Each structure stands twice: as structure tokens, then as C-alpha cells.
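Subject: Handing over the structure

Hi,

Here is the structure I promised to pass on to you. Have a look at it first, and my notes on what turned up follow below.

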Amino acid sequence: MSTVMLNTEEIYKLLEDVKDPEIDTVSILDLGMVENVTVSGPDVSVKMLPTFLGCPALSIIQKNVETAIKQLTAVRNVSVEFLRSPSWTSDRITEKGKAGLKVFGISPPPRQMKKDGSWHIDCPYCESTYVTMENIFGPTACRSILYCKACKNPFEAMKPMIKTI
Amino acid sequence: MENNSSLENTAIKELLLQLADDDFIHSYRGSEWLGLAPHIEEDVASSSIAQDTMGHAAIFFKLLEELGEGDADQLAHDRPAKERRNAIILEVVNGPGNYMEDPDYDWAFAVVRNYLYTQAKAIKIQSLHSSSYEPLAEVAQKVQMELYYHLMHWKTWFIQLLGSGHEEAVSRMKAAIEKTLQDFQGVFSLGHYRVEMVKQGLIEDEAVLLNKWIQEVTPVFESVGVACSIKVGMVKGDGRTGQHTEDLEKALETLSEVYASDKTATW
């Protein structure tokens, strides 16, 4: 029997390696999807927030979190659960997460929207503000498709999800 | 007391079934447009919206599962038409033909139904923010954030097609409006447990919701020159009470084909 004590920091450290299944430069921690980690003896419980309710990656992420935590031999049970509340919002993405998105060619979501609901995003490649929105909806629920008129690259952006809208 | 609490539970479950079944069949009809939408960007957008909407249906089914109503997948796939609570207008086929052969779907009908339904859903979700059933109030917060984009999308199409001045677009849109409105009351119907739902503070009364919806859509109709006082009906019947059409029967047969092939399979 192992007598090693688990602590939450250790678990958080492991979660840094669990990436978004489709954006391997950003961890689920940096996406702000982890609400709470608790350790009780050898049992670990992770409470998470879904980015979009219909996101098919959620069950994959859930499984990846379980697998990552089970790497620790001192762990007996892992429970990973998605919470209904609070709602995930795009301002939960950390600075490191935003940098990771840009590396992948995805602009981070704007922090704020204007009063009329419009928002502004810069090109993740050349930082130009000379961009057009091609489609608010993109290849996944959380992304939009844009085009940079300065460097002539298509790119994507994380859709802002903000409580006041 | 026993009877009171079981009546309360029944009202909650009925409301959840209505919300789940509406989004489920609406999403299914949306998914049937995949590959058929007018242009590729619309294909991406409308299928993304359908996916979000299926996520909303799934979370409502999940709430039912938590109340001991059975497995969410089973609730979605394995209930006959007569047990479904969706509004009949949402089950109506997209147009003649079917997905596999000669789909001759009507984009005007899709735009009208999607816009009017999304606006109605937004009003219900707003009302659910203050629902006395806490899990539903929590889910409503999340759904609203996603719905914002859906509503913007369908409203844009609605205004552009009607405001285009293009003869075919305008006449088809007007025909679609007439077709949709005559059964749209079914979306607001709260069914047999209406009084109980309102008494418990689960949601506002259907008359209140309908009125708010009319207040929202009327200026949009007027902005594109469709002058009319908006009247809704329920000519095909009330889906909340289990009345449905052959369109739903066929849809259920198709969408549950894989599930029915092995109900115990793990995906």
C-alpha cells in the first residue's frame, strides 16, 4: 500500500498536460474549464465546466482527465463531472491560454463586446486589425472564421461567450 | 401532501420534456440541411447551430435523467411519437423529397421557422432564468449565451430575404410565414399542466410568453414591409398532448435507426 499523500497541486500539474483534443497548444486548465479539484485521501474529484453544451469533445476531455490523473499510483478513484453552474465564459481563458491559441492560428476572444454586440479581433499572424468576419460559426462550436486583409490569411477566432449578452 | 408533491414533479417533468423534445426535433430538421444549405458558409453555420441545439436537448434530457425518468439516450431515441411533447410545427418536414433522394427543401420555410422558433425559445429561456426549479434556471443561463448567436443569424436571414425586394424570395417567405404561423401557437402551449407550471413558478404563462414574442417579432416584420397583425394558430393540433403527424413518425424511424440496431451498445 502506498502511503504517498495526494495534494491538489499535483493534480493541477497533471491537468496542464491535458490539452484540448483539437487545439493541442492549449490545456483545459488554460481554457478555464476546470472549476474545482478536491482530493480526499486517495480519491480525486474534478469539477469542470462545458464550453458549449453541444461540444462533442466534452466526453473525450472527460476521459483524458481521468486517464491523466490515474497515472498517479496513489490515486484510487477519479470522478470527473461537468457542472451546470457557473456557466463557462470566454474570459476564463488565461493569458497563457490566449498565447497558446495564437500559436495554433486562433485569435483569442475579445474581452468585451461593444454595446451593439459587435466585437473586434486582430489577426493572430500579423496582428493587423484589418480583418473581416467570414462566418460567426466555424468548424467547431466555439470558433468563428475570419480573413486578414493585410497578410491575406484566413484564420479563426474563439467566439466570445460573455454573461451580459 | 403526497399528491401535491407528485403533481409538482409531474409539472417539472412535463416542462422538461417539452423543452427537450422541441430542441431535439428542431435540431434534427436542422441537421437534414447539412450539405444542402444555399452556400458553404451557411452549411457551416446552420449545422453548427443544429449541433448547439442538440446540446440543449441533451442537457434537458439529462435533467430528466436526474429526476429518474430514464437514460437520456433512451429518452431521445426510444419513445414513440405519441409520447413526444414537441410542437407540431417543429416536426414538419423541410420540404418535399427526403435527405437520401431528391430533397427539394424550402429554404424560406427553414429561415422563417428557425427565426420564429429561436425568438420564441429566447423568450422562454429568459423566463426560465427565474424558474423556481433551480437546475433549469442554471441551464437557462448557459443556453442563452449560445442562443444569442443563433438568433442573430436567423434574424439576419429573415430580414435579408424579405427585404431583398426579390420577387421569388419575398413571395416564398410570405408563404412560409403563413404556413408557420398557423401552427406556431403549439410552440407556446404548456399542455395539460399549464396551470400547475405557472403556479409553481416554473415558467411564465403561455399567454404572457406569446405576447412577449409578438412584441419582439412585430417590429422586425414591419421593418421589412410585412404589415400584419401577427396571429398564431394550432390547426394541426397540440403536440404537448401527444398529438403528432406522420412527419414525426418518419423522422423518429430515421433518427433512431442506428440506436435501434443495438440499444445496449456503448458509444
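How many helices and strands are there in chain A? Chain A has 3 helices and 9 strands, where helices (H or I, at least four residues) and strands (E, at least two) are DSSP runs, numbered from the N terminus. Along the sequence their pattern reads α-β-β-β-β-α-β-α-β-β-β-β.

Before going further, a word on conventions. This is a predicted model, in which local features need pLDDT of at least 70 and side-chain atom pairs count only at pLDDT 80 or more, while totals for chains, interfaces and linings use all residues. Residues are numbered from 1 along each chain as its sequence is written, and chains are lettered from A and ligands numbered from 1 in the order in which they are written.

Chain A as a whole

Taken along the principal axes, the C-alpha atoms of chain A fill a box of roughly 60 × 30 × 25 Å. Of the 165 residues in chain A, 37% are buried; a residue is buried if 20 or more other C-beta atoms lie within 10 Å of its own, exposed if 12 or fewer, and partly exposed in between, with C-beta atoms placed from the backbone. Among the contacts in chain A with a separation of 6 or more, 56% join residues 24 or more positions apart; two residues are in contact if their C-beta atoms, placed from the backbone, lie within 7 Å.

Chain A is divided into domain 1 (8–82) and domain 2 (93–158), with bounds that come from an automatic or database domain assignment. The centres of these two domains of chain A, taken over C-alpha atoms, are 26 Å apart. Where they meet, 11 residues of domain 1 of chain A are in contact with 12 residues of domain 2 of chain A. The domain 1 side of that meeting in chain A has 5 nonpolar, 4 polar and 2 charged residues. Here Ala, Val, Leu, Ile, Met, Phe, Trp, Tyr, Cys and Pro count as nonpolar, Asp, Glu, Lys and Arg as charged, and the others, Gly among them, as polar.

The sheets of chain A

One open sheet has 3 strands in the order E3-E4-E5 (chain A), with mixed pairing; two strands pair if DSSP finds at least two bridges between them. Strands E3 (34–40) and E5 (77–82) of chain A stand at the edges with a single partner strand each, so one side of each is left without a neighbour in the sheet. On average, neighbouring strands of this sheet are turned by 10 degrees against each other, direction ignored. Axes are lines fitted to C-alpha atoms, for helices over the stretch in contact, and angles run from 0 to 180 degrees between N-to-C directions.

E4 (residues 43–48) and E5 of chain A pair in the parallel sense over 6 bridges, and Asp43(A) has Asn77(A) in E5(A) as its bridge partner. Two helices pack on this sheet. Helix H1 (residues 8–15) of chain A touches E3 and E4 of chain A, and its direction makes about 135 degrees with that of E3(A). Helix H2 (residues 58–70) of chain A touches E4 and E5 of chain A, and its direction makes about 155 degrees with that of E5(A).

Another open sheet of mixed pairing has 4 strands in the order E6-E9-E8-E7 (chain A). E7(A) and strand E8 (residues 143–148) of chain A run antiparallel and are joined by 4 bridges; Met133(A) has Leu146(A) in E8(A) as its bridge partner.

Where chain B comes in

On the chain B side, 23 residues are in contact with 16 residues of chain A. H2(B) gives the most to this side of chain B, with 12 residues. By class, the side of chain B that touches chain A holds 12 nonpolar, 6 polar and 5 charged residues.

Finally, the largest nonpolar core has 110 residues, and those with the most contacts inside it are Leu16(B), Ala20(B), Phe60(B), Val111(B) and Val112(B). Such a core is a set of buried Ala, Val, Leu, Ile, Met, Phe, Trp, Tyr and Cys residues joined through C-beta atoms within 7 Å. Helix H5 (residues 107–128) of chain B supplies the largest share of this core, 13 residues.

Best wishes
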